[in-house]
Amino acid sequence: MQSFVLPYTAVLSARFRMILQYRAAAIAGFVTQIGWGAIRVMAMEAFYRSTSAPQPMHLEDVVTYIWLGQALLGLLPWNPDTEIRNMVRSGTVAYELVRPVNLYTYWFSRSMAFRLAPTFMRSIPLAILALLFFGMQAPASPEALLFWLAATVGAVLLSTALTVILSITLMWTIAGEGVSFLVSPVIYFLAGMVIPLPLFPDWAQRVLDILPFRGICDAPFRLYMGHIPATEAWEVLFHQVIWIVILVAFGAWLLSRATRRLVVQGG
Amino acid sequence: MANPLALYTHYVSISLRSQMQYRVSFLLGTLGQLFSTGVEFIGILALFDRFGSLNQWTLAEVAFFYGIVNVAFAVTDMLSRGFDHVGQLVRSGEFDRMLLRPRSTVLQLIGQEFTLKRLGRFLQGGAVLLWAALYLDIDWSPSVAALTVITVCCGACFFLGLFINIGTVSFWTTETLELMNVLTYGGIEASKYPLAIYRAWFRRFFTMVIPMGCVTYFPVVAILGRSDPLGTSLAFQYLAPLFGLFYFILSLFIWRIGLRHYRSTGS
């Protein structure tokens, strides 16, 4: 009797453990980000203790900025779409060319899902914890919340457009992560993830204002906390839209170049 | 029969040759490592530009802390990424093959991958360390010079211990847990500033539970020749790196326990 039941209980418990494993991995990532955020917050607190001179941002704003950054970390264009990477390496990317769809739009939507899905999983619980226990503040006003949401949509589009470009460059480099090794740390930095952008020297602000990366983290975060007043929100959104158009046009052009010279990896 | 050292050299040469097959990928990877640690340091520069000092610590002093932890970690990171793969090896059942070979599993795992692209972090951290060492008025007596070398070595051993622990956990979870990254990368993130700036619970954790501060903070205070705001004695600062070494030895024992516990997944 026992030997009859055994396979079923074994498969049940194995399956159960596997699901728990995945949950463990999700919780682990979550704990990592909280630890990371806490370290950054403590370091910034220490810097603010060192001076009494007025700063371009209050410490509470910096804390909120850091936690928003941790919650929305997944939105940054870290790496090319892993599926596209595998397709380029194995040569199955050729199938993509025969699909009766616009390839750029197709890759854009798949990259958007690639950015959004993992972020949704982590961002909401992390933001709730940070709001309750780690000194993150609520949005400055209902307007600030609305403009932040709008700018976050812009940030997702910007980030996706950059992700697609990173993916397309794989058609030239084939092996590894391609140029994303070089580009991603720079984007991470210029978006405001290493230190909040308003803390950079004034001369740097003019450059940062022109570049598109501010629109991924810095500008939406500051709309959230009212550091950019709601009256200036339109400028932020306009800046995002211009860069989205430029990056999408560039990505589409790059893709048309890439498909023209594509050498399919046989196999 | 090759002795362990010869075997290890052989492992490294195989690994190097395989990485040199993709020269461009290697170059991009190294530059990418340099960039991603480089932007962190530019962040520190910007913060010092803004705040002047960090609780009485100067930029050059913080740069010295930053350099020590990055150099020590980069050494381990180059040598021992094999422990990252333990989860995968256990899951696929390939770990069984390692057990059959007449050499210690630790040696085989250390030899599995010599990640040359981590040179990027080493070079960047080394350059910062060199700059700080030249800029600061350090009294390079033989004891201070010896302490610097010992600190880097014990630091590398400590990080190796941490990697071994991460691998050991995989015997139970069959998964390399991201949770442990909060200790390695979180610890490095924290150690680039002096431990004294953090809150008490955090300092205690990274001294008594995970003795990272013993290799990245206390001895560096002695090297810099200043009094410790935490009030430790010079004798303790000189002896502290040994705790990193103890941690490494302890992690080897725990690895043995894990090995005895190991049951093949059979796939």
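# Contacts between and within chains A and B

Student: How many residues does the contact take from chain A and from chain B?
Tutor: The contact takes 31 residues from chain A and 37 residues from chain B; two residues are in contact if their C-beta atoms, placed from the backbone, lie within 7 Å. This is a predicted model, in which local features need pLDDT of at least 70 and side-chain atom pairs count only at pLDDT 80 or more, while totals for chains, interfaces and linings use all residues. Residues are numbered from 1 along each chain as its sequence is written, and chains are lettered from A and ligands numbered from 1 in the order in which they are written.

Student: Which element gives the most to the side of chain A that touches chain B?
Tutor: α1(A), with 15 residues. Helices α1 (2-49) and α7 (180-191) of chain A each supply at least two residues of that side. Helices here are DSSP runs (H or I, at least four residues) and strands likewise (E, at least two), numbered from the N terminus.

Student: And by class, what does that side of chain A have?
Tutor: It has 22 nonpolar, eight polar and one charged residues. Ala, Val, Leu, Ile, Met, Phe, Trp, Tyr, Cys and Pro count as nonpolar, Asp, Glu, Lys and Arg as charged, and the others, Gly among them, as polar.

Student: OK, chain A overall. How many helices and strands?
Tutor: Chain A has 10 helices and zero strands. Of its 267 residues, 40% are buried, where buried means 20 or more other C-beta atoms within 10 Å of a residue's own, exposed means 12 or fewer, and partly exposed is in between, with C-beta atoms placed from the backbone. Among contacts in chain A between residues at least 6 apart in sequence, 82% join residues at least 24 apart.

Student: At what angle do α3(A) and α6(A) cross?
Tutor: Roughly 15°, with the axes of α3 (residues 82-90) and α6 (residues 142-173) of chain A coming within 10 Å. Axes are lines fitted to C-alpha atoms, for helices over the stretch in contact, and angles run from 0 to 180 degrees between N-to-C directions. That angle makes α3(A) roughly parallel to α6(A); angles under 35 degrees count as roughly parallel, over 145 as roughly antiparallel, 65 to 115 as roughly perpendicular and the rest as oblique.

Student: Which residues make the contact?
Tutor: A:I84, A:R85 and A:V88 of α3(A), with A:S167, A:L170 and A:M171 of α6(A). By class, that is four nonpolar, one polar and one charged residues.

Student: Over to chain B. Where do α2(B) and α3(B) meet?
Tutor: B:T37, B:F41, B:I44 and B:F48 in α2(B) meet B:L59, B:V62, B:Y66 and B:N70 in α3(B). The contact has six nonpolar, two polar and no charged residues.

Student: What about the axes?
Tutor: The axes of α2 (residues 23-51) and α3 (residues 59-79) of chain B come within 11 Å and cross at roughly 165°. That makes α2(B) roughly antiparallel to α3(B).

Student: Which residues touch the most other members of the largest nonpolar core?
Tutor: A:A191, A:L223, B:I68, B:A72 and B:F158, out of 132 residues. A nonpolar core is a set of buried Ala, Val, Leu, Ile, Met, Phe, Trp, Tyr and Cys residues joined through C-beta atoms within 7 Å. α6(A) gives the most to this core, with 14 residues.

Student: Last one: is B:S143 buried or exposed?
Tutor: B:S143 counts as exposed because it has 12 C-beta neighbours inside 10 Å. B:S143 is found in helix α8 (residues 142-173) of chain B.
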